[in-house]
Amino acid sequence: MGKALIIGAGGVASVVVHKCCQVPDVFEEICIASRTLAKCDALKEKLDGGRTKIQTAKVDADNSDEVIALIKSFGPDVVINVALPYQDLAIMDACLATGVHYVDTANYEPPDVPKFEYKWQWAYKERFEKAGLTALLGSGFDPGVTGVFVAYAQKHHFDEIHSIDIVDANGGDHGYPFATNFNPEINIREITANGRYWENGEWIETAPLEFKKTYDLPEIGPKNIYLLYHEELESLAVNIKGLKKIRFWMTFSDNYINHLKVLENVGMTSIEPIMYEGKEIIPLQFLKEILPDPASLGPRTVGKTNIGCIIQGIKDGKPKTYYVYNVCDHQDCYKEVGSQAISYTTGVPAMIGAMLVMKGLWKKPGVFNVEEFDPDPFMDALNKYGLPWKEDFAPVLLDPAEVHA
Ligand code: NDP
């Protein structure tokens with residue numbers, strides 16, 4: 001049916017490439033591109049020989065002109081951006097200049113300020129509308145599937161949704177004293193930033209990791225979860241009418257928190273440049289270089305992830321609760337595509353989002369978050385392509401005293 005340009009050749013990109021090759025009727029041809037051609041070639045080598053034709057290219061996606069030249073030479077229908085959030089705007093500019101649809105998994109961040117906001121990308125809405133192109137933002141798991149879960153709940157289970165708790169739990173163990181499951185620089189920026197949640201039309205700031213609860217997750221067991229700001233809170237607060245409260249929670253082991261605290265205390269997580277032997281370096285970028293590459297965690301990570309949404313609201317005038325979640329086994333992912341579950345749970349939805357755009361099911365001019373489209377084809381595809389979901393109509397609530405009606 002068409003061609004996709006995949007920018008990035010890291011942990012998530014590897015899964016996107018594997019999954020695109022599983023759907024050769026849609027992805028007839030793909031091109032894998034990043035600044036390091038060898039990484040793209042290594043991915044191609046693993047998957048060559050199937051029905052999807054694979055090319056590779058070298059591109060610095062911070063440079064819009066380089067992306068434009070690559071798009072012109074390869075001629076894709078869609079660009080799947082699974083490089084870093086810093087490249088989002090340059091790639092969107094290139095898509096506009098060449099008339100190609102755009103899909104990503106993380107909102108734009110200026111490298112010098114850890115600010116997680118959609119405002120820069122939402123500002124492209126009119127330009128994508130005028131060009132007749134679709135930009136699909138945040139089509140990973142969270143953001144991504146979590147937004148689709150909420151849209152599905154809204155469509156099938158509620159007249160009005162009043163509160164959402166997104167719970168992202170990783171019960172996996174990679175055996176290292178400290179490692180992150182996706183790009184360490186982006187991961188640590190996210191976690192060390194202030195927490196924030198939305199209630200009654202206002203954002204409430206918290207200190208980083210200030211709020212902690214214990215939650216007993218299906219198939220994973222009790223875990224400590226910490227309140228964090230996460231980018232889908234911003235779009236869901238806008239797109240779900242009648243919403244009164246939305247929060248995001250993530251599990252961290254005591255070991256992870258202790259290491260992070262020490263690294264923060266000694267300045268290793270700072271993004272302020274320092275001079276080292278006459279050269280300017282950014283401590284967090286240096287730390288990233290010495291931490292394990294998330295793409296290498298696949299063979300050694302055991303256990304499961306559980307990510308889902310606990311939703312409360314009303315249906316037919318009565319209070320209703322609904323929990324929809326996916327459980328993913330790290331080793332099952334490794335056996336299928338050679339990656340751990342965090343890369344897998346991000347890469348599968350990125351492929352699905354691009355596939356729905358290419359099939360015309362999620363294609364309309366403008367810039368959209370996933371919850372703005374019909375959730376049904378995405379939910380069906382999750383079951384089909386490796387991320388089946390489960391439902392619970394009487395989940396334990398995070399604040400049992402609260403009854404929303
Ligand atoms: P990795 O660090 O493993 O991979 C990033 C890739 O981007 C590398 O291959 C790198 O290759 C490439 N890259 C970096 N800079 C450029 C550039 N200027 N031009 C071209 N390519 C570039 O990260 P992950 O695979 O773990 O994460 C990828 C993305 O997925 C991130 O944006 C992350 O935030 C997002 N993510 C989203 C999640 C979700 O659920 N929504 C969850 C997890 C991650 P090279 O250095 O060779 O250029």
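**Close-up views of a predicted model**

**View 1. Helix H1 on the sheet.** Helix H1 (residues 11-21) lies across strand S1 (2-7), strand S2 (27-34), S3 and strand S4 (78-81). H1 runs at about 165 degrees to S2. Helices (H or I, at least four residues) and strands (E, at least two) are DSSP runs, numbered from the N terminus. Angles run from 0 to 180 degrees between N-to-C directions, and axes are lines fitted to C-alpha atoms, for helices over the stretch in contact. This is a predicted model: local features need pLDDT of at least 70, side-chain atom pairs count only at pLDDT 80 or more, and totals for chains, interfaces and linings use all residues. Residues are numbered from 1 along each chain as its sequence is written, and side-chain values use heavy atoms, with hydrogens and water left out.

**View 2. The open sheet.** Seven strands pair in parallel, in the order S3-S2-S1-S4-S5-S6-S17. Two strands pair if DSSP finds at least two bridges between them. The edges are strand S3 (53-58) and strand S17 (366-369), each pairing on one side only. Neighbouring strands are turned by 20 degrees against each other on average, direction ignored.

**View 3. S6 beside S17.** Strand S6 (residues 134-137) and S17 pair in the parallel sense over four bridges. Threonine 134 stands opposite glycine 366 in S17.

**View 4. H7 against H14.** Helix H7 (residues 145-156) and helix H14 (residues 375-384) pack at about 120 degrees, their axes 9 Å apart. That makes H7 oblique to H14 (under 35 degrees is roughly parallel, over 145 roughly antiparallel, 65 to 115 roughly perpendicular, the rest oblique). Contact (heavy atoms within 4.5 Å) involves residues including Phe149 and Tyr152 of H7 and Phe378 and Leu382 of H14.
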